[in-house]
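Thanks for sending this one over.

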Amino acid sequence: MGLKGTALGESRVEKLKNCIVYRSRMKLWIIRVTTSVLLWICLVQLTILGETWGPRVLKGWPSCFSHESTSLLVVKSSPAVPARVLPPKRVYRNNGYLMVSCNGGLNQMRSAICDMVAIARYLNVTLIVPELDKTSFWADPSEFQDIFDVDHFITSVRDEVRILKELPPRLKKRVELGTIHTMAPISWSDISYYHNQILPLIRMHKVVHLNRTDARLANNGQPMEIQKLRCRVNFGALKFTPQIEELGRKVIRLLREEGPFMVLHLRYEMDMLAFSGCTQGCNKEEVEELTRMRYAYPWWKEKVINSDLKRRDGLCPLTPEETALTLRALDIDPSIQVYIAAGEIYGGERRMANLAAAYPNLVRKETLLEPSELRFFQNHSSQMAALDYLVSLESDVFVPTYDGNMAKVVEGHRRYLGYKKTILLHRRLLVDLIDQHNGGSLTWDEFSTAVKEAHVERMGNPIQRLVIQDRPKEEDYFYSNPCECLESSYEDETLSNI
């Protein structure tokens, strides 16, 4: 009995020990599992936080909470160029990503980029560096960084909006798979449209792609901070590449060495005439060629055009012959250098004969520069237009013969630079006066006096922008006369948190 009781007690003790060990192991296993789950939750939350607040800490990108994000950054430069102090990054809760594909020529895209930066700022989203148009008439393959200094663009407005060169990898894969939300915003929309219609889509899809950007933000009625940010991007952030800037400075230096110069934006290229249907002075074969071209481009909506009626309404670019008469009537010095800022003039030397006779010092970038200097710009119309833009800003006089995008944007930029002389031709009145003079009902002196009187207040002088309610196409373009930015400096004013 004694032995039996002893054996039974030992058995119980052994079972108790085994139970304690089992429970300890169970507790350890539960602790490990719980710790693993908590770590996994933290990891997921950090990933989501990184996507929400912009650059992701898990990808090795600088955190938006880092000291660098909220302090000034000095960009080192060459000894000849002083270091540039960058503004501190603005920290905000990122609502998603905005991709944009610009359409049109250089200056149409330029103004659109300014609009998109302002929209991205207002919506508190991250803007991806805009994609430029490669499928328009000009078929220019240039990327953003081929025309604009992309790093300067990103850093110049970093105190307002975050701009990235590309989407984060996970979202980039969705673009490659074609699964992102793409749309064209409504033209001339108020900023409230983007807040009420576009922002919810960005929050839903994480990234939205706007595939058209021309004239998508209204000229007027926008918050002052939005208007001033549009200007800040246009006049400060959108700087051309060092190569374009350097060549532009050379052209300007060559012109200045010979004295004053006028830039004539002679918008008389084949595409302009085909698109507008303006055929004044063209022969039968040229009219047929221009008509075929207009029908060849389905996105040019207007096909049947009455050229004479359109001209009388002032909706056609002045011809080279009409331009020569107008400049003479305005008493423009015939010895002044006239820099032609344009592509190939339709009709060539035959159409340029009168203008060349009246102003023999006609020059172009192609005549001022060596072919080797322009070699890398050939077949890149936007880069060539960028050179013309720089020269136009610096000219003593700027005269556009049509109110296209370049004419409007340069006009506004010259106003910002101190209301530099810009002659805004009154085409509807001019063609009527020219026809009267050519018909013999107006003498030269009467014609010249009438032309001068019509342009006294059309020299780029300070005026208020014309606002026409519910007819945005007919009112003054914001970028041709950004009054909000001309009254005082905008550089120290930024958007408040919205």
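1. Let me start with helix α18 (residues 427-438) and helix α19 (residues 444-454), whose axes come within 10 Å and cross at roughly 175°. Since angles over 145 degrees count as roughly antiparallel, α18 is therefore roughly antiparallel to α19. Please keep in mind throughout that this is a predicted model.

2. Who touches whom in this pair? On the α18 side the residues are L429, L430, L433, I434 and H437, and they meet W444, F447, A450, V451 and A454 of α19. By class, the contact of α18 with α19 has 9 nonpolar residues and 1 polar one, with no charged residues.

3. Next comes helix α2 (residues 106-123), which packs against helix α7 (residues 224-237): their axes come within 8 Å and cross at roughly 130°. That angle makes α2 oblique to α7, and the crossing is right-handed.

4. The α2 side of this contact consists of R110, C114, D115, V117, A118, R121 and Y122, while α7 brings I226, L229, R230, V233 and N234. The residues of the contact of α2 with α7 split into 7 nonpolar, 1 polar and 4 charged.

5. Helix α2 has another partner worth a look, helix α17 (residues 405-416). Here the axes come within 7 Å and cross at roughly 55°, which makes α2 oblique to α17. The crossing of α2 and α17 is left-handed.

6. Which residues make that contact? From α2 they are N107, Q108 and R110, and from α17 they are N405, M406, V409 and H413. The residues of the contact of α2 with α17 divide into 2 nonpolar, 4 polar and 1 charged.

7. Finally, the rings themselves. How many aromatic pairs does the structure hold? The count is 12. Ring pairs also link F144, F148, F153, F240 and Y389 into a cluster, so named here because rings of Phe and Tyr pair if their centres lie within 6.5 Å.

How values were computed: Residues numbered from 1 in each chain as written. Predicted model: local features only at pLDDT ≥ 70, side-chain atom pairs only at ≥ 80, totals over all residues. Heavy atoms only, no water. Axes fitted to C-alpha atoms, helices over the stretch in contact; angles between N-to-C directions. Helix = DSSP H or I, 4+ residues; strand = E, 2+ residues; numbered from the N terminus. Parallel < 35°, antiparallel > 145°, perpendicular 65-115°, else oblique. Left-handed = near helix turned anticlockwise from the far one by under 90°. Contact = heavy atoms within 4.5 Å. Nonpolar A, V, L, I, M, F, W, Y, C, P; charged D, E, K, R; others polar. Phe/Tyr/Trp six-rings, centres within 6.5 Å; stacked < 30°, edge-to-face > 60°.
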